[in-house]
Amino acid sequence: MAARAADRLLDAARAVGITRWVAYVEPLPDQLRDGGLDELRRVALRGRSAYGPKDSVRDALPREVTEPFLEAIDKLLKELARRDVSG
């Protein structure tokens, strides 16, 4: 789910030609699909950091793609945290 949302975010960044966000998001979909648990956490945190208080992907791309990605990343991080707690 997070990888598909990242794909849509990447497509939107490419469509409007925002190369900064293309470069930032481009590696995320494949890393979310193929990464191990340790890498998933790192990639999810990198994706989450695109929503910073001073510089946010929300300021550059439409809500229709930014919010589903944010929700998917937050859900993934919660699942990883639950896995850590449950052992």
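This is a predicted model: local features need pLDDT of at least 70, side-chain atom pairs count only at pLDDT 80 or more; totals for chains, interfaces and linings use all residues.
Colleague: How are α1 and α5 oriented to each other, parallel or antiparallel?

Modeller: Helix α1 covers residues 2-16, and its axis crosses that of α5 at roughly 155°. Angles over 145 degrees count as roughly antiparallel. The two helices α1 and α5 are therefore roughly antiparallel.

Colleague: How many nonpolar residues does the contact of α1 with α5 have?

Modeller: On the α1 side, the contact is made by Ala2, Ala5, Ala6, Arg8, Leu9 and Ala12. On the α5 side, the residues are Val65, Thr66, Pro68, Phe69, Ala72 and Ile73. By class, one residue of this contact is polar and one is charged, while the number of nonpolar residues is 10.

Colleague: At what angle do α4 and α5 pack, and how far apart are their axes?

Modeller: Helix α4 spans residues 37-48 and helix α5 spans residues 63-86. In passing α5, α4 makes a left-handed crossing. The packing angle is about 145°, and the axes are 10 Å apart.

Colleague: How many charged residues are in the contact of α4 with α5?

Modeller: Among the α4 residues that meet α5 are Arg41 and Arg48, and among those of α5 are Asp74, Arg83 and Asp84. The contact also has 11 nonpolar residues and one polar residue, and its charged residues number five.

Colleague: Which residues have the most contacts inside the largest nonpolar core?

Modeller: In soluble globular proteins, nonpolar side chains tend to be buried together. Here the largest nonpolar core has 29 residues. Helices α1, α2, α3, α4 and α5 each supply at least two residues of this core. Those with the most contacts inside it are Leu9, Leu32, Val57, Leu61, Phe69 and Ile73.

Colleague: Leaving aside neighbours within four places in sequence, which residues is Ile73 in contact with?

Modeller: Ile73 is one of the α5 residues that meet α4. Beyond its sequence neighbours within four places, Ile73 is in contact with Ala2, Leu32, Ala44 and Arg48.

Notes:
Residues are numbered from 1 along each chain as its sequence is written. Side-chain values use heavy atoms; hydrogens and water are left out. Axes are lines fitted to C-alpha atoms, for helices over the stretch in contact, and angles run from 0 to 180 degrees between N-to-C directions. Helices (H or I, at least four residues) and strands (E, at least two) are DSSP runs, numbered from the N terminus. A crossing is left-handed if the near helix is turned anticlockwise from the far one by less than a right angle, and right-handed if clockwise. Contact means heavy atoms within 4.5 Å. Ala, Val, Leu, Ile, Met, Phe, Trp, Tyr, Cys and Pro count as nonpolar, Asp, Glu, Lys and Arg as charged, and the others, Gly among them, as polar. Angles under 35 degrees count as roughly parallel, over 145 as roughly antiparallel, 65 to 115 as roughly perpendicular and the rest as oblique. A nonpolar core is a set of buried Ala, Val, Leu, Ile, Met, Phe, Trp, Tyr and Cys residues joined through side-chain atoms within 4.5 Å. Buried means under 20% relative accessible area, exposed over 50%, partly exposed in between (1.4 Å probe, protein chains only).
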